[in-house]
Amino acid sequence: MAGSMAPNRFSGLTDAAWAGRHLLVTAAVLFWGACDGILLTPRALALDPTARVSIAGMLGASSLGMGDVNDQINRGNAFLADQDWIELDEIKRGFNFGWEVRSTVSGPFAVSLGGGLLSASSSVDFDQVIDVKPSATFYRARLDYMLPFRPKPSIRMFVGGGPLFLTDAKVEATHEARTVDGGVQRVDSATISGSSVGFEGLLAVEMVFNERITLVLDGGYRLAKASGDDMEWKASRVANPVLDRDEDDVPDGLELGQESYLRHAFLDGNRVTPQVQGSQDIDFSGAQANVGLRFYLF
């Protein structure tokens with residue numbers, strides 16, 4: 001491959017992916033610079049929001065546990081190394097996208113309900129196309145307390161915590177096997193899923209722009225580990241799905257490919273019907289930081 005899609009052999013990322021990461025970092029720096037410029041302007045006219053109900057949208061990043069998932073990635077990497085194929089990186093960080101509705105209930109106390117998405121990935125696209133993508137939908141309830149201390153008149157600080165409910169927590173693993181000339185030979189994919197109840201605690205800072213809008217920065221820790229009890233897998237784009245080339249009385253389209261990454265990571269391909277291999281906890285626990293805007297309604 002040529003141009004912007006040339007692969008980086010040391011990381012499995014394309015040049016376009018590296019450019020995307022660089023653009024994301026640059027955008028974050030510019031956004032922070034703009035916010036910092038606003039905060040350095042005189043705030044004498046900034047008044048605290050008086051509305052009790054607000055909505056917020058957040059995005060951010062977090063570290064991730066993913067111990068069992070990384071164990072499976074490394075188990076599969078041993079197979080990739082034997083084939084002299086590029087190996088996958090462990091999954092140690094991911095992204096958060098969230099929303100919430102908050103209402104003041106009494107004095108400095110407020111309750112909030114919210115939800116969002118958690119996502120991460122590790123992939124290579126060179127000798128073979130292999131993707132491992134953990135993701136989850138979450139819902140949460142939290143009690144917040146506004147601290148009496150304010151470092152600046154325009155800054156309010158909150159501490160809060162509460163339960164976190166993971167639904168549709170899953171790891172999607174896909175191996176698109178290629179022929180020597182670059183054609184697609186077959187695609188094996190598996191989804192391991194589960195659900196869980198966890199907890200999160202955080203410290204949030206609100207920077208008041210006016211009575212209706214604040215910039216929100218928060219950081220804290222999330223404890224959320226789902227047990228991957230359910231598994232589905234399928235083979236697609238198999239050249240001759242009814243053939244039994246390995247003569248094990250199972251058609252090629254009903255078993256994992258003999259050189260499938262999934263056979264060596266995540267699934268026990270030695271069974272007629274593949275089963276989950278080993279422990280498969282999907283662990284989204286870790287430190288997190290988010291930035292967003294809050295709008296006070298009424």
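## A first look at the chain, its cavity and its ring pairs

The protein chain has an accessible surface of about 15,400 Å², and 60% of that belongs to carbon and sulfur atoms (Shrake-Rupley method, 1.4 Å probe; for residues, only the protein chains shown count as cover). Please keep in mind that this is a predicted model: local features need pLDDT of at least 70 and side-chain atom pairs count only at pLDDT 80 or more, while totals for chains, interfaces and linings use all residues. Residues are numbered from 1 along each chain as its sequence is written, and side-chain values use heavy atoms, with hydrogens and water left out.

**The chain as a whole**

- The protein chain contains three helices and 14 strands (DSSP runs numbered from the N terminus: H or I of at least four residues for helices, E of at least two for strands).
- Of its 298 residues, 42% are buried (buried is under 20% relative accessible area, exposed over 50%, partly exposed in between, with a 1.4 Å probe and protein chains only).
- Taking contacts between residues at least 6 apart in sequence, 70% join residues at least 24 apart (a contact means heavy atoms within 4.5 Å).

**The cavity**

- There is one cavity of 30 Å³ or more in the structure (a set of points on a 1 Å grid over the protein atoms alone where a 1.4 Å probe fits but cannot get out; lining residues have an atom within 4 Å of a point).
- The volume of the largest cavity is about 190 Å³ (the space filled by probe spheres set on the points, which are joined across faces, edges and corners).
- Its lining has 24 residues, and those closest to the centre are Met 58, Glu 100, Arg 140, Arg 142 and Asp 218.
- Strand S2 gives the largest share of this lining, five residues.
- By type, the lining of the largest cavity divides into 10 nonpolar, four polar and 10 charged residues (nonpolar: Ala, Val, Leu, Ile, Met, Phe, Trp, Tyr, Cys and Pro; charged: Asp, Glu, Lys and Arg; polar: the others, Gly among them).

**The aromatic pairs**

- The structure holds two aromatic pairs (Phe, Tyr or Trp rings, the six-membered one for Trp, with centres within 6.5 Å; planes under 30 degrees apart are stacked, over 60 edge-to-face, the rest tilted).
- Phe 79 and Trp 85 pair edge-to-face, at 5.9 Å centre to centre and 90 degrees between the planes.
- Phe 79 is buried, at 9% relative accessible area, and Trp 85 is buried too, at 17%.
- The pair of Phe 109 and Tyr 145 is tilted, because the planes stand at 45 degrees, with ring centres 5.1 Å apart.
- This pair links distant parts of the chain, as Phe 109 in strand S3 and Tyr 145 in strand S5 are 36 residues apart.
- Phe 109 is partly exposed, at 36% relative accessible area, and Tyr 145 is partly exposed, at 28%.

Definitions and conventions:
1 Å grid on protein atoms, 1.4 Å probe; cavity = no way out; pocket = protein on both sides within 12 Å on 5 of 7 lines; lining within 4 Å.
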